[in-house]
Amino acid sequence: MALPISELIDIAVEENIPPSNYFTKWYELGEWQFETLKDLGLRPSHTFLDVGCGPLRLGYKLIPFLDNKNYYGIDAVLPLINVGKNILKREGITKEYTVLHNSDFEFDKFNTKFDYAIAASVFTYSGLDKIQQCVVALKKVMKPASTFLFTYILQKNDIPVGTIMDGIAPMRFPALRDSSFFEEVARRNNISFRVLTGKNHPTGQIVAVFEF
Amino acid sequence: MITYSDLCVDAELLKEIRYSIYHSKGNGYYICKNFIPRDYVVHMQKLWTNLEPYRYYKKYLGKDQFVAGCKNLASVDQEKNTTFHNFFWNPPIDELTHSVSMAIHMLRNSIEGNIPYRELLPFASRATNYRVVITKNHSAPVPPHKDLPPAMLKDHAGLLMCTLFLSKKGLDYKGEGFAFVTNQGKRLVFDEDECIEPGDLLIWSHQNEHSVMNIHSEPSQIGFVRMLFPREIIRKKKYFDKIKVANYKKMLGESYIGENLLLPIYRALRGR
């Protein structure tokens, strides 16, 4: 039984997070991520890394789906992680999972290797150096032939505008005019890159994968 | 020593305010008691209730006039119910009101989780109009309503409105005044069910039903005076030019010369 959106907002407010469309579009976006990952071949036995897991919008769907202890999440904003834990508790999700508060992509702290990973709306608000740092860190923990799904936006200009998420977390738009930056990152790290067509993202972002 | 953080709203206070407004167990509103001191209230009362609207303001005809860089606008009816629409890009008629409004705007943004200056100026499509509203006599100046239709709530769940009270029920006007339906569905009439004083700032959710009803004041009374801070859609100048051309065309078409001379010529030319 899914929690009503008003209850999701209550849980967020209890952690001092104001309502936003992150919560009001919770089910729509969580469902889209979940279905896209399954289409890419994700199965319960796979180990999964959620980069920028936030309040576990995807974890809420994935943790019950995956085998016990197969979900790992990482996020730079601690209150969001706490919101996620409370949501899972209220949903009665009892499977074990691991979540780390960390802003430096230190995936090796999980001491495991991953079959699948995602960064949903993370590269959308990351500087180019941060994106490269993330991919280099992923390279160390992703299994051979593993898949990393991510989303991003293209801009008309290449101005790297800065923003402040929720009024607290400074971020930069990567200012990408086309996908060539990701092609270059893939080449440099000896991995493959492809844009997924036909996976219309609910907010219109471009959907792509790196294959390791 | 002072840091940027010292100028931001304390996180614990934000938590208290957010709980009060957004949580289903909260009221749907939060009152900042004595947000401005008594001498500020007196100054603002005197200035705004004695200002001749059309001497300093362009006449307000409709929201199509809200164009980036437009002048401040005012409207007044036969009962002397007056509204002053002020924009942050204009030199202020009152520096205190301008400054207080900017502070309220930034506080609201902080509560909503936005950057402090968001929609102060129309970088995107909206900007705040700091509005001084003086209701002298009106049976239903703001009938009960919610600001957002349910379909829009998904994208704007956190949006807030603020009311800065600048006059006192009983002393400055009679009638119901401002009423608000809480998150639990209870209707509260302010200054009856909930105490509110001039200088208090009420921050409340757009989603909740609210109204201003039955305001009566004698000529010697200033009426129900308050400030509101709606975020208006601000059109680019090009749009306004189009509207003007359309209006001129309409006016011309409806005039004697237009109808009997210009329109037949226009139609004949178009049909060629």
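This is a predicted model: local features need pLDDT of at least 70, side-chain atom pairs count only at pLDDT 80 or more; totals for chains, interfaces and linings use all residues.
View 1. Ile17(A) sits in the loop that joins helix 1 and helix 2 of chain A. Apart from neighbours within four places in sequence, the residues in contact with Ile17(A) are Ala12(A), Phe23(A), Pro79(A), Leu80(A), Val83(A) and Asp166(A). Lys109(A) lies 92 residues from Ile17(A) along the chain, and the C-alpha atoms of these two residues are separated by 27 Å.

**View 2. The interface of chain A and chain B.** Here 14 residues of chain A are in contact with 18 residues of chain B, and the two chains bury about 1400 Å² between them, with 55% of that area on carbon and sulfur atoms. Of the area that chain A buries against chain B, 36% is supplied by Val13(A), Asn16(A) and Pro19(A), which is more than any other three residues supply. Between chain A and chain B there are zero salt bridges, whereas six residue pairs are in polar contact, with both residues of each pair at pLDDT 80 or more. On the side of chain A that touches chain B, helix 1 (5-14) and helix 2 (21-24) each supply at least two residues, and the largest share, four residues, comes from helix 1 of chain A.

**View 3. The nonpolar cores.** The largest nonpolar core has 73 residues, and those with the most contacts inside this core are Phe48(A), Leu62(A), Ile111(B), Leu164(B) and Ile203(B).

**View 4. Asn189(A) in helix 7 of chain A.** Asn189(A) is found in helix 7, which covers residues 180-189 of chain A, and with a relative accessible area of 14% this residue is buried. Leaving aside neighbours within four places in sequence, Asn189(A) is in contact with Val135(A), Val136(A) and Lys139(A).

**View 5. Arg226(B), a buried arginine without a salt bridge****.** Arg226(B) belongs to strand 12 (residues 224-228) of chain B. Although Arg226(B) is buried, it has no salt bridge, and the nearest side chain of opposite charge, that of Asp77(B), is 11 Å away. A polar atom of the Arg226(B) side chain lies 3.2 Å from the backbone oxygen of Phe224(B). Not counting residues up to four places away in sequence, Arg226(B) touches several residues of chain B, including Arg131(B), Val132(B), Val133(B), Thr135(B) and Val142(B). Also touched by Arg226(B) are Thr163(B), Leu164(B), Phe165(B), Leu166(B) and Val212(B), and Leu164(B) is one of the residues with the most contacts inside the largest nonpolar core.

**View 6. Ala145(A) and Asn34(B), residues with positive phi****.** Ala145(A), which lies in strand 5 (residues 142-152) of chain A, has a phi near 70 degrees, a positive value in a residue other than glycine. This alanine, Ala145(A), is exposed, with a relative accessible area of 67%. In chain B, Asn34(B) is likewise not a glycine and has a positive phi of about 50 degrees. The place of Asn34(B) is the loop between strand 1 (29-32) and helix 2 (38-49) of chain B, and Asn34(B) is exposed, with a relative accessible area of 58%.

Conventions. Residues are numbered from 1 along each chain as its sequence is written. Chains are lettered from A and ligands numbered from 1 in the order in which they are written. Side-chain values use heavy atoms; hydrogens and water are left out. Buried means under 20% relative accessible area, exposed over 50%, partly exposed in between (1.4 Å probe, protein chains only). Lys and Arg count as positive and Asp and Glu as negative; His and the chain ends are not counted. A salt bridge is a side-chain nitrogen of Lys or Arg within 4 Å of a carboxyl oxygen of Asp or Glu. A polar contact is a pair of N or O atoms within 3.5 Å; within protein, one must be able to donate a hydrogen and the other to accept it, and residues adjacent in sequence count only if both atoms are side-chain atoms. Contact means heavy atoms within 4.5 Å. A nonpolar core is a set of buried Ala, Val, Leu, Ile, Met, Phe, Trp, Tyr and Cys residues joined through side-chain atoms within 4.5 Å. Buried area is the accessible area (1.4 Å probe) that two parts lose on being put together, summed over both.
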